[in-house]
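Biologist: I'd like to learn how to read a model like this one. Please take me through it one feature at a time.

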Amino acid sequence: MAKQKIKVKGTEIVVFSQKTEDFISLTDIAKHRDSERSNYIIQNWMRNRSTIEFIGLWEQIHNPNFKGIEFDAFKNEAGSNSTALYV
């Protein structure tokens with residue numbers, strides 16, 4: 001996996017490349033907002049309804065084993081304080 005860095009608004013962000021796929025470090029992006037508590041930034045983002053809907057759509061497109069009915073339970077709870085996705 002090739003690793004490089006890009007600089008966005010003064011923040012270095014790691015980009016990993018593997019074959020024809022690129023992966024951007026969400027942790028590095030979150031550090032721009034709060035360098036001491038990037039984990040909480042990500043946690044709150046993962047709880048957001050728009051984020052959960054995006055993840056569901058991505059899974060529908062890319063995962064032939066995606067279970068849409070089971071996913072609906074997560075989507076319906078999106079935004080509540082008790083909702084957390086663990087990846």
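**Loops, strands and helices, step by step**

Modeller: Let's begin in a loop: Lys-19 is found in the one between β2 and β3 (21-24). The labels come from DSSP runs, numbered from the N terminus, with helices being H or I over at least four residues and strands being E over at least two. Keep in mind that this is a predicted model, where local features need pLDDT of at least 70 and side-chain atom pairs count only at pLDDT 80 or more, while totals for chains, interfaces and linings use all residues. Residues are numbered from 1 along each chain as its sequence is written, and side-chain values use heavy atoms, with hydrogens and water left out.

Biologist: How many helices and strands does the protein chain have?

Modeller: The protein chain has 4 helices and 3 strands. Reading from the N terminus, the order is β-β-β-α-α-α-α.

Biologist: Is Lys-19 buried or exposed?

Modeller: Go by relative accessible area: under 20% is buried, over 50% is exposed, and in between is partly exposed (1.4 Å probe, protein chains only). Lys-19 has 85%, so it is exposed. Lys-9 has 76%, so it is exposed too. For the protein chain, 21% of the 87 residues are buried.

Biologist: And in the strands? Which strand holds Ser-17?

Modeller: Ser-17 is in β2, which covers residues 11-18. Its relative accessibility is 19%, so it counts as buried.

Biologist: What does the side chain of Ser-17 make a polar contact with?

Modeller: A polar contact is a pair of N or O atoms within 3.5 Å; within protein, one must be able to donate a hydrogen and the other to accept it, and residues adjacent in sequence count only if both atoms are side-chain atoms. Here the partner is the side chain of Asp-22, at 2.8 Å.

Biologist: Which residues is Val-15 in contact with, leaving aside its neighbours within four places in sequence?

Modeller: Val-15 lies in strand β2 as well, and at 9% relative accessibility it counts as buried. Contact means heavy atoms within 4.5 Å. Leaving aside neighbours within four places in sequence, Val-15 is in contact with Ala-2, Lys-3, Gln-4, Ile-6, Asp-22, Phe-23 and Ile-24.

Biologist: Now the helices. At what angle do α1 and α2 cross?

Modeller: Two packed helices are described by the angle between their axes and the distance between the axes. The axes are lines fitted to C-alpha atoms, for helices over the stretch in contact, and angles run from 0 to 180 degrees between N-to-C directions. For α1 (residues 26-33) and α2, the axes come within 8 Å and cross at roughly 105°. Angles under 35 degrees count as roughly parallel, over 145 as roughly antiparallel, 65 to 115 as roughly perpendicular and the rest as oblique. So α1 and α2 are roughly perpendicular to each other.

Biologist: How far apart are the axes of α2 and α3?

Modeller: Helix α2 (residues 38-47) and α3 have axes 5 Å apart, with an angle of about 70°. That makes α2 roughly perpendicular to α3. Trp-45, Met-46 and Arg-47 of α2 make the contact with Arg-49, Thr-51, Ile-52 and Ile-55 of α3.

Biologist: What does the side chain of Thr-51 reach?

Modeller: The backbone oxygen of Trp-45, at 2.9 Å. Thr-51 is buried, with a relative accessible area of 5%.

Biologist: Last pair: how do α3 and α4 run relative to each other?

Modeller: The axes of α3 (residues 49-62) and α4 (residues 68-77) come within 9 Å and cross at roughly 165°. That makes α3 roughly antiparallel to α4. Arg-49, Ile-52, Glu-53 and Gly-56 in α3 meet Phe-71, Phe-74, Lys-75 and Asn-76 in α4.
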